[in-house]
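Let us read a structure feature by feature.

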Number of protein chains: 2
Amino acid sequence: MAERSPESPGFSCPTPLLDHEHVAIAHGGGGLLSRELVERIFLPAFSNPLLAELGDAAVLDATEELAGGGRLAVSIDAHVVRPLFFPGGSIGDLAVNGTVNDLAMSGARPIALTAAFILEEGLPLADLAAVVERMAAAARRAGVRIVAGDTKVIERGSGHGLSITTSGVGIVPATSRLGREPIRPGDVVLASGTIGDHGMAVMSVREGLEFDAAIESDSAPLTGLVREILAACPATRLLRDPTRGGVAASLNEIAERAKVGIEIDEAAIPVEPAVAAACELLGLDPLLVANEGKLLAIVPQKSAEPVLAAMRSHELGRRAVAIGRVVADHPRVVVMRTAVGGTRIVAMPVGDQLPRIC
Amino acid sequence: MAERSPESPGFSCPTPLLDHEHVAIAHGGGGLLSRELVERIFLPAFSNPLLAELGDAAVLDATEELAGGGRLAVSIDAHVVRPLFFPGGSIGDLAVNGTVNDLAMSGARPIALTAAFILEEGLPLADLAAVVERMAAAARRAGVRIVAGDTKVIERGSGHGLSITTSGVGIVPATSRLGREPIRPGDVVLASGTIGDHGMAVMSVREGLEFDAAIESDSAPLTGLVREILAACPATRLLRDPTRGGVAASLNEIAERAKVGIEIDEAAIPVEPAVAAACELLGLDPLLVANEGKLLAIVPQKSAEPVLAAMRSHELGRRAVAIGRVVADHPRVVVMRTAVGGTRIVAMPVGDQLPRIC
């Protein structure tokens, strides 16, 4: 642009200072090149007046949201997934949805996100712009703004590429009863849909696997689905999104903290055939594979059917099912009734041999 | 510990699952090893009930703080400084103080921080623990809690080591007038102390420089100093901490956004002799060097002396001085009267050839 527009904050950069197409160390220096990066890539995508202030912090009025005693929820998530783009998503989608979902699991509606980028020198600016576009689209879908950010550049050759850390602030309504009642035997464990999609989408790209049906990441913002669940059952005991470590890690954490046993039914757990096939090929258990757009809900038995109906009425919960129950036996242990009629312990995974899945 | 203490949340890890002394990929997998890292390193250092919940998000009651219409300030900062420890600070100090100061510059008192760690496989756990200790100490000094976190691990060999992104939430009191009045000619530019200390402390370690007096980073939380300034002059126009890009970048940004000229006096700008010597040796201008515990304040002329007195009464403002003024001439341009009687333009730096200074 030859003229700077009246809305354009800060420095005008009629022509790029460097005509290179890659991130340079100087982009992280806090000078004109840093500003140019912000003005060319971040501001147009995330367009909002709070971000455009480019202050050290963004200041927002949340009086209305907090009226009547709402509480603040805060969360943070670093994202290092490789490759940056995969079927059904990108690091940009994950960076937004991951933090939105962390807030949603506490019953909070997100009101603002912040994002910090660590770029490797040499990263194509086109890749960065594409990721940022995906973040902006994900933020629009989730109904939240990215109001502050930061960018650092590290030296070429690290193979680091790009990481994005997002942090979120949300409001938990004063009336929320989520998590206020203990989990007890008889409560039902619901899953909002198929499991293992995200992890296997990333893995299948990395391993160059081809299936009849492509495996797509389930990356999505769960705020709306949570709203439906809590409307159907304000006494919902707990919500958890089974990301790293998968359903196995989430259920073990729940059993451990609530000091209850959990029993799940293998036959009830929905797994896409392509995901099941990929897991078998790679020797992985879908219960251990990361999800990025699914949740587990623990609800009182009498609310299970109404909550399932509410979930199924939402596009992200169409395949919601009950997968198990809370039991008085074997406290802190998760047991699965297998499809062939036996039982096995679902252990807390020790680690994960698949780095950079989210 | 042979017994788990009753307060200990989550999994008990009586003995480490792996007896290695370095970060492993599995520490980032969301399973037992992730939990062990959290329980051995993060929870003891950051000890607080909100973090100990280990939920997806931390939920806090800010009703009291927000009563009467306080606004929320949010900020985020990624930290990639090398080396991890340097005279006067560490990446841990920077990670806390950087975000605390971003909030402070908007007149906010921090109420909660969140922290995300990206670890390189092979990082000595002792280094991580030492950094985390420094973060905890910095948080105590700043009077803020780290209430939520995340850890990811990336593959060995990247040279990435450790980065820490922190995000903060603060409250701007309803009565705050900071930034509500425009900057005008006649306003005075104050600096809270010597400039260039942080950047030259890091550089002197990297370059192996030795001076008679060691150069120490000025990393410190500025919340208390800001409180003194705003008490002395509620009509303070603007506060800015001159980090990356130094005083030159901050003043250029201020001049650009307020569409005013700024004139500073070289002789008035306090620089430690060792910093001046190091800058001369390395061919650097102290105006371009990063600070991590200093601020610039623009105040009405009549308030300059009272604000300086208030700053000097605070341990972080003992060497506060007026370094210049806002002028009607040369809008958007920063000019320096040099020590030898000339004038020169202080340009916005283009980039920074020193990566990983913060």
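**Reading the model, step by step**

A:S250 has a relative accessible area of 5%, so this serine is buried. Keep in mind that the model is predicted.

Q: Where does A:S250 lie?
A: A:S250 lies in helix α8 of chain A, which spans residues 246–258.

Q: Which residues does A:S250 touch, leaving out those up to four places away in sequence?
A: With those neighbours left out, A:S250 touches A:R240, A:D241, A:P242 and A:L296.

Q: Take A:I171 next. Is A:I171 buried or exposed?
A: The cut-off for buried is under 20% relative accessible area. A:I171 has 5% relative accessibility, so A:I171 counts as buried. The residue is found in strand β7 of chain A, residues 162–172.

Q: Now rings. How many aromatic pairs are there over all chains?
A: The count over all chains comes to 4 aromatic pairs. In chain A, the ring centres of A:F42 and A:F117 are 4.6 Å apart, and the planes stand at 40°, so this pair is tilted. Planes under 30 degrees apart would count as stacked, and over 60 as edge-to-face.

Q: Which elements hold A:F42 and A:F117?
A: A:F42 lies in helix α1 of chain A (residues 32–46), and A:F117 in strand β5 of chain A (residues 109–120). The two parts are 75 residues apart in sequence, so the pair ties them together. Both A:F42 and A:F117 are buried. A:F42 and A:F117 also form one aromatic cluster with A:F46.

Q: What about B:F42 and B:F117?
A: Their ring centres are 4.6 Å apart and their planes are at 40°, so this pair is tilted. B:F42 lies in helix α1 and B:F117 in strand β5, both of chain B, so the pair ties together parts 75 residues apart in sequence. B:F42 and B:F117 are both buried.

Q: How are two packed helices described?
A: Two packed helices are described by the angle between their axes and the distance between the axes. Here, take helix α7 (residues 223–232) and helix α10 (residues 304–312), both of chain B. Their axes come within 9 Å and cross at roughly 150°. That angle makes α7(B) roughly antiparallel to α10(B). The crossing of α7(B) and α10(B) is right-handed.

Q: Which residues make the contact between α7(B) and α10(B)?
A: From α7(B) come B:L225, B:E228, B:I229 and B:A232. From α10(B) come B:P306, B:V307, B:A310 and B:M311. By class, the contact of α7(B) with α10(B) has 7 nonpolar residues, 1 charged and no polar.

Q: How many residues of helix α6 of chain B are buried?
A: In α6 of chain B (residues 197–207), 8 of the 11 residues are buried, so this helix is largely enclosed by the rest of the structure. Among the buried residues are B:H198, B:M200, B:V202 and B:M203.

Q: What covers the buried residues of α6(B)?
A: The cover includes β3 (85–86), α4 (91–105) and α9 (273–282) of chain B.

Q: Which residue follows α6(B)?
A: B:G208 follows α6(B), and its phi is positive, near 65°.

Methods. Residues numbered from 1 in each chain as written. Chains lettered and ligands numbered in written order. Predicted model: local features only at pLDDT ≥ 70, side-chain atom pairs only at ≥ 80, totals over all residues. Heavy atoms only, no water. Phe/Tyr/Trp six-rings, centres within 6.5 Å; stacked < 30°, edge-to-face > 60°. Helix = DSSP H or I, 4+ residues; strand = E, 2+ residues; numbered from the N terminus. Buried < 20%, exposed > 50% of the residue type's maximum accessible area, 1.4 Å probe, protein only. Axes fitted to C-alpha atoms, helices over the stretch in contact; angles between N-to-C directions. Parallel < 35°, antiparallel > 145°, perpendicular 65-115°, else oblique. Left-handed = near helix turned anticlockwise from the far one by under 90°. Contact = heavy atoms within 4.5 Å. Nonpolar A, V, L, I, M, F, W, Y, C, P; charged D, E, K, R; others polar.
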